[in-house]
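This report describes one protein model, from its overall build to its annotated positions. The sequence and structure are shown first.

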Amino acid sequence: MHIRFTKMQGAGNDFVVLDETLARLGLTTAQYRWLADRHFGVGADQILTVRPSPGPGLDFEYVIHNADGGEVEHCGNGARCFVRFVHDKRLTARNPVRVKVKKGELSLHLNPDGRVTVDMGPPVFTSGQVPFDASGLAAQPMGGFERWPVELPDVGEVLLSVVSMGNPHAVLLVGDVDTAPVLQWGPLLESHPRFPARVNVGFMQVVNRGEVRLRVFERGAGETLACGTGACAAVVAGIRLGLLDGQVDVATHGGVLTIEWQDTPSLDATVLMTGPATSVFEGEIDVPALP
Ligand SMILES: N[C@@H](CCC[C@H](N)C(=O)O)C(=O)O
């Protein structure tokens, strides 16, 4: 099958973007995996597929597949690239754009400086909804938010907080992200039995109350240069742990994302994420018939 694609990146988290607004391509899980493969395909952390509006009040729908081919609920950096794509391709002139993703509905705003602000919706902290199995664990609270002791083979107990941004996140505090055991603990936690849907694992170094450094080992993609939902999860966890203020710059290996969240008693404020979104190139490729 011969297809056209756009290669995009948001803070170095890279995407193959497919246009299904006129017709479905009908790709299989193996074909998504092949497109994401950096040796045999195009190469990407995620594949984003843009589809027409699924209903009233919405401009589009877009579907997210991780590099391992699995479909997921949400992708923050992908959301910013999606809105840049539909504007660049003149699929809409609306601003903000309303879109449905698997997690729910999002509103995205293209700023005059070219950056994109996404209303990511409210975070969820209830462990069962992350989902995280906290049974038998004694929480070790800090600033009123739970940190859970989770046992890792050959490592021992690590302390983490759990947050859902529509997709599952574990957040660990580290002294220095450069030396944090991202590639050792990341895979162990991603597939840990306490996370039945697997998990994205963030390692956060607090620099001051308005700045953190973050590395994320993503579910289904490995360590990426940035993770938008991971940045939101880390900042809201940091705010609830009493370490951060309501607006935080998150420095990743691929760029800076600005995250804003108000810690109200009802915990229902939405998280705002602002950052870059760039088209890298366009191409055409023959995708092999993979079952
Ligand atoms: N890179 C993304 C997150 C993509 C999905 C994630 N790997 C998951 O499996 O939940 C982002 O920018 O949020």
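## Basis of the description

Helices (H or I, at least four residues) and strands (E, at least two) are DSSP runs, numbered from the N terminus. The model is predicted: local features need pLDDT of at least 70, side-chain atom pairs count only at pLDDT 80 or more, and totals for chains, interfaces and linings use all residues. Residue numbers start from 1 along each chain as its sequence is written.

## Annotated active site

An unreviewed UniProt entry lists Cys75 and Cys227 under "active site". They gather at one spot, because no two of their C-alpha atoms are more than 7.8 Å apart although they span 153 residues in sequence. UniProt positions are given in the numbering used here, feature names are shortened, and annotations may be inferred rather than shown by experiment.

Cys75 lies in the loop between β5 (71-72) and α2 (76-88), and Cys227 in the loop between β14 (222-224) and α4 (228-240). A residue is termed buried if 20 or more other C-beta atoms lie within 10 Å of its own, exposed if 12 or fewer, and partly exposed in between, with C-beta atoms placed from the backbone. Cys75 is buried, with 31 other C-beta atoms within 10 Å; Cys227 is also buried, with 34 C-beta neighbours inside 10 Å. Two residues are in contact if their C-beta atoms, placed from the backbone, lie within 7 Å. Leaving aside neighbours within four places in sequence, Cys75 is in contact with Gln46, Ile64, Gly228 and Thr229. With residues up to four places away likewise not counted, Cys227 touches Asn13, Asn77, Asn200, Val216 and Glu218.

## Overall build

The protein has four helices and 18 strands. The C-alpha trace spans about 55 × 40 × 35 Å along its principal axes. Of the 291 residues, 45% count as buried. Among contacts between residues at least 6 apart in sequence, 64% join residues at least 24 apart.

## Two domains

The protein is divided into domain 1 (2-112) and domain 2 (127-275), with bounds that come from an automatic or database domain assignment. Their centres, taken over C-alpha atoms, are separated by 24 Å. Contacts link 20 residues of domain 1 with 22 residues of domain 2. On the side of domain 1 that touches domain 2, α2 supplies the largest share, four residues.

## Helix α4

Gly242, with a positive phi near 85 degrees, follows α4.

Two strands pair if DSSP finds at least two bridges between them. Strands β9 (residues 148-152) and β10 (residues 156-164) run antiparallel and are joined by five bridges, with Leu159 of β10 as the bridge partner of Pro149. Their hairpin has three residues between the strands, and Asp154 takes a positive phi near 65 degrees there.

β10 also pairs with β11 (residues 168-173) in the antiparallel sense, over four bridges. Val163 has His169 in β11 as its bridge partner. The hairpin of β10 and β11 has three residues between the strands, and Gly166 in the turn has a positive phi of about 100 degrees.
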